[in-house]
There are 2 protein chains.
Amino acid sequence: MCPFQKMECVSLPPLSTFAVCGGTHGNEMTGVYAVREMEKHTAKKKGSVSITAVLANPRAVDACRRYTDTDLNRCFTDALLSSPITDSSPYELSRAQELNTQLGPKGSEKAVDLLVDLHNTTANMGLCLIFYSVDWITLHIYKYIQSKMPSMPVKAIQLDIPISDAYSLESVGKHGFAIEAGPQPGGVLRADIFNMVKEAVDHTIAWLEEFNSGCTFEGGEVEAYTFIRSVDYPRDQAGELTAAIHPKLQDNDFQLLRPGDPIFLTFSGETVKHEGEELYPFFVNECAYYEKKIAFHLARKTTFTFPSICVAKD
Amino acid sequence: MCPFQKMECVSLPPLSTFAVCGGTHGNEMTGVYAVREMEKHTAKKKGSVSITAVLANPRAVDACRRYTDTDLNRCFTDALLSSPITDSSPYELSRAQELNTQLGPKGSEKAVDLLVDLHNTTANMGLCLIFYSVDWITLHIYKYIQSKMPSMPVKAIQLDIPISDAYSLESVGKHGFAIEAGPQPGGVLRADIFNMVKEAVDHTIAWLEEFNSGCTFEGGEVEAYTFIRSVDYPRDQAGELTAAIHPKLQDNDFQLLRPGDPIFLTFSGETVKHEGEELYPFFVNECAYYEKKIAFHLARKTTFTFPSICVAKD
């Protein structure tokens, strides 16, 4: 069923290989179980698409921790992927290079056509795609998932980083995005979040099938959030937190923050307010970002336009 | 202000020492920050009560993990507290013996009069006291906190274990209970949960003051949940999970489970139902219990009665 089959379109190469990764952070359970289930049940080739399910950081999964030596999902820059491995290298650096060999090499013709990496967050971000530079395939899939899951909060974040400096696993594919799903605590598996992510992956596979079969996907526009800056917690001279996220900000990812809106509540009961321009918070109170000194990120809402696309005929 | 000052009462010794512990599990952040704040701001002696704030497992707090070698909060049985410490002993066992020296010894006249240990859970348990054998002081404080926090879900769980086998830190005090507060992910601090627990601790201190000053507390009854049994996740032959908590059970701690009610949803979409008698679930989808093979506990609702009490005059 291709509603816009006869429309003018930009023709792009077929997308015949698809990698779904999970467990890049070993305590983000949706991806761990989604990948295990795909390994059991998915035929290697589904129609026109060859699907690979990869448990990205098995050591961290076994330990049920985000990582063992260093954050794997910060290891996929060109520089780190080409750095020498020695006995003292962090496990995750060598694992990143293995994954790059298996699914890339990043930036090469041999790289998998689409790579989706499954993550969870303790923030109330619903289902959220994260992508780097503007990529028409990703934007089309984002719009498609939104249209297929109208009752779900499906959003997207763009990180404006050159692909060579892009540090996360999905940057290894020719096209790629992360799916963040939350709120879910580390080490916990929630059925509602699992089913939401599974559905998004199934829609992605369906989109690839339709694209490869010759459907034209109509151009248009989508809204996404472009990362602007991060905000740290208030801390004392020893670096210890002196405040928590304010209850009025907690769980309110993607709700516009205006100057004067409360952002922190100190342990002694004082409110700290947002200053500066109106921006949208996300990753509010993400567990793993305490050590990165990030209480939340701020973004601007951006409209991305993209053309109608179709598969190039042989 | 003692509303029942002239009533008949069972007289009990004054409660002049109070220990508040946190960080017994190093990634349960409410207790970590509550104890740090109390160390900064609480005068050592407040009226008739001498207060000690103790960070119970500093190594686990530094690592932001539940424990480093073994679960500290399973180390306070008589047997483990008297077991020899060697170079190969887990850190938490030696730490338990240190805490027993500082706050106990358990079962002795030197033990702190009241010990409250602050915990978090990823389960939706609100504010929940956990206590061992029936203890009038704990039941009175529970009733008092309920009356002072009428808008909060304040519940209590009783574990019917002899005090010598009681494995958790609060068993070291002459009287003691744990406060579980949730839902809060491990490694995350939520202001709403922090303030709820801080208020409960403040009410506990206020109750101790009133008791020591000669107020009579009227007898009565409270409802609590008595632990009956635990339920594990469905697993395959390799021991891997094949299901998650069902969305209709998730977040519904303390809601009566009837035979036929859904409890698990398998990854292939089948519902597993509750069998046997009507019971109340709690600790539903607690992060730390995956490794203990516990999906949730089941309890019976019990009414506990207790007499009017007052402090013994010199």
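**Figure 1. Cys128(B) is buried, at a relative accessible area of 0%.** This is a predicted model. Cys21(B) is also shown, and its relative accessible area is 0%, so Cys21(B) counts as buried. Where is the closest cysteine sulfur to that of Cys21(B)? It belongs to Cys75(B) and lies 14 Å away, which is too far for a bond. Cys128(B) takes part in no disulfide either. For Cys128(B), the nearest cysteine sulfur is that of Cys287(B), at 18 Å.

**Figure 2. A disulfide links Cys9(A) and Cys310(A).** The two sulfur atoms sit 2.0 Å apart. A disulfide is called when the sulfurs lie within 2.5 Å. Over all chains, the structure holds two disulfides. What does the bond tie together in chain A? Cys9(A) belongs to the segment before β1 (10–12), whereas Cys310(A) belongs to strand β15 (residues 309–311). The pair therefore joins parts of chain A that are 301 residues apart in sequence. The torsion about the S-S bond of Cys9(A) and Cys310(A) is about 80 degrees, so this disulfide is right-handed. Cys9(A) has a relative accessible area of 30% and is partly exposed. Cys310(A), at 9% relative accessibility, is buried.

**Figure 3. In chain B, Cys9(B) is joined to Cys310(B) by a disulfide.** The S to S distance is 2.0 Å. The torsion about the S-S bond is 75 degrees, and the link of Cys9(B) and Cys310(B) is right-handed. Cys9(B) lies in the segment before β1 (10–12) of chain B. Its partner, Cys310(B), lies in strand β15 (residues 309–311) of chain B. The bond thus ties together parts 301 residues apart in sequence. Cys310(B) is buried, with a value of 8%.

**Figure 4. Tyr280(A) sits in strand β13 (residues 280–282) of chain A.** Its relative accessibility is 16%, so Tyr280(A) counts as buried. The cut-off for buried is under 20%. Which residues does Tyr280(A) touch, leaving out those up to four places away in sequence? Among them are Tyr225(A), Phe254(A), Gln255(A) and Leu256(A). The list also includes His297(A), Leu298(A), Ala299(A), Arg300(A) and Lys301(A). Lys301(A) is 21 residues from Tyr280(A) in sequence. In space, the two are 7.4 Å apart, C-alpha to C-alpha.

**Figure 5. Phe254(A) has a positive phi of about 70 degrees, although it is not a glycine.** Phe254(A) lies in the loop between β10 (243–245) and β11 (262–266) of chain A. Its relative accessibility is 7%, so Phe254(A) is buried. Phe254(A) is one of the contacts of Tyr280(A).

**Figure 6. Phe283(B) is a residue other than glycine with a positive phi, near 50 degrees.** Phe283(B) occupies the loop between β13 (280–282) and β14 (296–306) of chain B. Is its place buried or exposed? Phe283(B) has 4% relative accessibility and so counts as buried.

**Figure 7. The peptide bond from Gly182(A) to Pro183(A) is cis.** Omega is near 10 degrees. Pro183(A) lies in the loop between β8 (175–182) and α6 (191–212) of chain A. In chain B, the peptide bond from Gly182(B) to Pro183(B) is likewise cis, with omega near 10 degrees. Pro183(B) is in the loop between β8 (175–182) and α6 (191–212) of chain B.

Conventions: Residues are numbered from 1 along each chain as its sequence is written. Chains are lettered from A and ligands numbered from 1 in the order in which they are written. This is a predicted model: local features need pLDDT of at least 70, side-chain atom pairs count only at pLDDT 80 or more; totals for chains, interfaces and linings use all residues. Side-chain values use heavy atoms; hydrogens and water are left out. Helices (H or I, at least four residues) and strands (E, at least two) are DSSP runs, numbered from the N terminus. Buried means under 20% relative accessible area, exposed over 50%, partly exposed in between (1.4 Å probe, protein chains only). Contact means heavy atoms within 4.5 Å.
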